[in-house]
Amino acid sequence: MSSPKSLLIRRARIILPNGELIVGDVLTRDRQIIKVAPEISTATPTTEIDADGLTLLPGVIDPQVHFREPGLEHKEDLFTASCACAKGGVTSFLEMPNTRPLTITQQALDDKLQRAQSKCLVNYGFFIGATPENLPDLLNAKPTPGIKIFMGSMHGHLLVDADAALEAIFAKGDRLIAVHAEDQARINQRRQEFAGIHDPAVHSQIQDNQAALLATKLALRLSEKYQRRLHILHMSTAEEADLLRHYKPSWVTAEVTPQHLLLNTSAYEKIGTLAQMNPPLRSPHDNEVLWQALRDGVIDFIATDHAPHTLEEKALEYPNSPSGMPGVETSLPLMLTAAMQGRCSVAQVVNWMSTAVASSYGIPNKGAIAPGYDADLVLVDLQTYHQVKREELLTKCGWSPFEGWNLTGWAHTTIVGGEIVYDKGKLNTDVRGQAINFL
């Protein structure tokens, strides 16, 4: 695989920005899409891809991942994670601050950006993490998509659960605030009530729907008080979806993960602690309400919350087993399989996984197939089904909660900045993404 300055994709089924599907060609040059048309001819030396029978989508922008570098590279690192992204059709990611050291200063943010510049096959951005004491950094650090607040579910120095500390962050500045909304006081109380139980299924009872709802209500109240841009991360409950359905200011957005749409508490019996995550898996009723909220636009887009741990760590007895699961390799085929099953359309998947993410985070020139947009693209095969196999995964942790699921829409070719980074099972590890700009 070469690194061409010009790339011509021929005979693809193209999803246009208005959701329309056409069969045609796309020409890219110097990292940008130059032309989209039924047929394109060019005299310039150009690398061509015959995409006959394949569907061309904007590359996925995954707005919530935990890639573990620096400090926890035994679970994942920026190189292995970006390889997994390329295989999954994810061309850009926004990464969370709970690394070691924490991303709570400009210096730590700069360190991550430097690491990513040398290691990442796809585009990247990094959140700044809130603590009770780092308000100046939250106001001034850049470039960043926003401030991440852990309102609960414990996270060491990143835990911000006191009302006064939360109020201070919401009151100053205008940067987007993204919240992990779980009420820590309720979780602590429930943890005592269920102490001594080692069945991982109890995790969903300890961090119950009420814990999520209480925190989301508080975040909405503070957002309303200060007219502050708010994003609710990995919404997991019917109660939260119903709350937003009846009260959702224009400056509030929300996301949901594929696992909260497709897995529920029955997964504990099948895969044990591999189903353990924060916020936890919920009931089949929650699945259905979240699906409806997503289709109706109450929930705006999809993120994976890719949070890998080793199988050895996951094998620890609950509650010593860590919460989190990988997701960047499977999110697009999971959602496209759902589309093939009639739960949504392919155009909706494009909006939820690309267009709406770029719009919500102010990412210019990404999330659509149109002239002037960045040439971050993925060709998928919607005709062929293939099982999720542990031995084929590129994430360093080497497992998936969806192992054995038969999915379609796997990435055939992934393109970052007009360069082929993944093609028919092979990576081009010479490609490097770029730091994302935020308007």
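**Close-up views of a predicted model**

View 1. A disulfide is a covalent bond between the sulfur atoms of two cysteines; here the term denotes a pair of cysteine sulfur atoms within 2.5 Å. The structure holds 0 disulfides. Cysteine 397 is likewise in no disulfide, the nearest cysteine sulfur, that of cysteine 85, being 13 Å away. Cysteine 85, at 0% relative accessibility, is buried, and cysteine 397 is buried with a relative accessible area of 8%. Buried means under 20% relative accessible area, with a 1.4 Å probe and protein chains only. The model is predicted: local features need pLDDT of at least 70, and side-chain atom pairs count only at pLDDT 80 or more, whereas totals for chains, interfaces and linings use all residues. Residues are numbered from 1 along each chain as its sequence is written, and side-chain values use heavy atoms, with hydrogens and water left out.

View 2. Six strands form an open sheet in the order β9-β10-β11-β12-β13-β14, with parallel pairing. The edge strands, β9 (128–129) and β14 (301–302), each pair on one side only. Helix α7 packs on the sheet and touches β11, β12 and β13; its direction makes about 170° with that of β12. Angles run from 0 to 180 degrees between N-to-C directions, and axes are lines fitted to C-alpha atoms, for helices over the stretch in contact. Strands β10 (residues 147–150) and β11 (residues 177–180) run parallel and are joined by 4 bridges; lysine 148 has alanine 178 in β11 as its bridge partner. Two strands pair if DSSP finds at least two bridges between them. Helices (H or I, at least four residues) and strands (E, at least two) are DSSP runs, numbered from the N terminus.

**View 3. The buried side of helix α8.** Ala238, Glu240, Ala241 and Leu244 are buried in α8 (residues 238–246). These residues cover an arc of only 160° around the axis, which puts them on the same side of α8; the arc is that of the directions from the helix axis to the C-beta atoms. The buried residues of α8 pack against α7 (209–226), β12 (230–232), β13 (252–256) and α11 (284–296), contact being heavy atoms within 4.5 Å.

**View 4. Surroundings of tryptophan 291.** Beyond residues up to four places away in sequence, tryptophan 291 touches Leu261, Leu262, Met335, Ala338, Arg343, Cys344 and Trp352.

Methods
Buried < 20%, exposed > 50% of the residue type's maximum accessible area, 1.4 Å probe, protein only.
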